[in-house]
Amino acid sequence: MGTRLADKIKRVMTPKEISDIDVIIPIPETSVTSAPCVAAVLKKKFVQGFVKNRYVFRTFIMPGQTQRKQGVKRKLNAMNEEFAGKNVLLIDDSIVRGTTAREIVAMAREAGAKKVYFASCAPPVTHAHIYGIDLASPNELVAHDHGQDRAIEEIARYVGADRVIFQDLQDLKTACSEAVVLKTAPYEQLDFEVGVFCGDYVTPVDEGYFQHLEEVRGETRKLKVLEKARQAVANGSLNQEEVDIVANGVKVTANGDVVPATSNYEQSHTNGDNKRRRRSREEGTPPKDRMDISLHNYRDFPAS
């Protein structure tokens, strides 16, 4: 997998960009096996630049965005001496919402990296997972843009990297096939469930199933928003939006946003919110308020 990712990097990046890479750094632990292969093919130095806190759960399955961001800050700590004044190529297993990648790129820059390239061992995740792991709503996936695949350059701007490279789907399937020990069947006959990358699932999916999933997610989000507004009332710190929520309840828009259940609010705010989210992704505003690593569990923090 790492060898094929290195070949993709050589096809995508210019010779000048590759020659300028000083070190290749994995995001522990899932990319530690692939990153050395990338380093070997590109003939670059491989170093461990992050210290991982093993007491924090996987951030991409945490229930709220606030918890996911806090989880990333506590999960990894960059070692300044491995980043200061260097052009680094970071290797991770995948990019889902972009939350983790964005925080990691910010860490690298804060540690002194001059340029930060980011390579994913998986192709862009553009569709929902329907076989047991609720990765995210499609609208939350950084590579998904209202039914269309988001441009790689736009993803790079959002996560704050100088360039983002994804593994090709066929290369991923071939790498997995080569890793399977078979006595009879050739590699070409192997196939895998790759629905999250292309929407082509191995089992038939009813047309209304994804709408049903969004409705279920919407109900869950509604409960969280209502609870947050009630807490604001109890603390005496509610804003106008929370006043509307307490007074009128909430509803889920067609885009999956939870808004106060008043038509005027939805009309005046939904379009503006979508524009602000798009502008934030395009500008790639780096995250702020970084926190040092410490032994905390994500349950230390209330759900967002």
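An open sheet of 5 strands, paired in parallel, has the order S2-S1-S5-S6-S9; two strands count as paired if DSSP finds at least two bridges between them, and strands (E, at least two residues) and helices (H or I, at least four residues) are DSSP runs numbered from the N terminus. The structure is a predicted model, in which local features need pLDDT of at least 70 and side-chain atom pairs count only at pLDDT 80 or more, whereas totals for chains, interfaces and linings use all residues. Residues are numbered from 1 along each chain as its sequence is written, and side-chain values use heavy atoms, with hydrogens and water left out.

The edges of the sheet are formed by strand S2 (45-46) and strand S9 (163-166); each has a single partner strand, so one side of each is left without a neighbour in the sheet. Strand S1 (residues 23-26) is joined to strand S5 (residues 87-92) by 4 bridges in the parallel sense, and Pro-26 has Ile-91 as its bridge partner in S5. Helix H3 packs on the sheet and touches S1, S2 and S5, its direction making about 165° with that of S1. Helix H1 (residues 2-12) lies across S5, strand S6 (115-120) and S9, and runs at about 135° to S9. Axes are lines fitted to C-alpha atoms, for helices over the stretch in contact, and angles run from 0 to 180 degrees between N-to-C directions.

Helix H3 (residues 34-42) includes Ser-34, which is buried at 7% relative accessibility. Buried denotes under 20% relative accessible area, exposed over 50%, and partly exposed in between (1.4 Å probe, protein chains only). Beyond its neighbours within four places in sequence, Ser-34 is in contact (heavy atoms within 4.5 Å) with Met-1, Gly-2 and Cys-121. Cys-121 is likewise buried, at 3%, and its sulfur is 9.3 Å from the closest cysteine sulfur, that of Cys-37, too far for a bond. The count of disulfides (pairs of cysteine sulfur atoms within 2.5 Å) is 0.

There are 4 aromatic pairs, defined by ring centres of Phe, Tyr and Trp (its six-membered ring) within 6.5 Å; planes under 30 degrees apart are stacked, over 60 edge-to-face and the rest tilted. Phe-50 and Phe-83 form an edge-to-face pair, with centres 5.2 Å apart and planes at 65°. Both residues, Phe-50 and Phe-83, are buried. In the tilted pair of Tyr-201 and Phe-210, the centres are 5.8 Å apart and the planes at 35°. Tyr-201 is buried at 12%, while Phe-210 is partly exposed at 31%.
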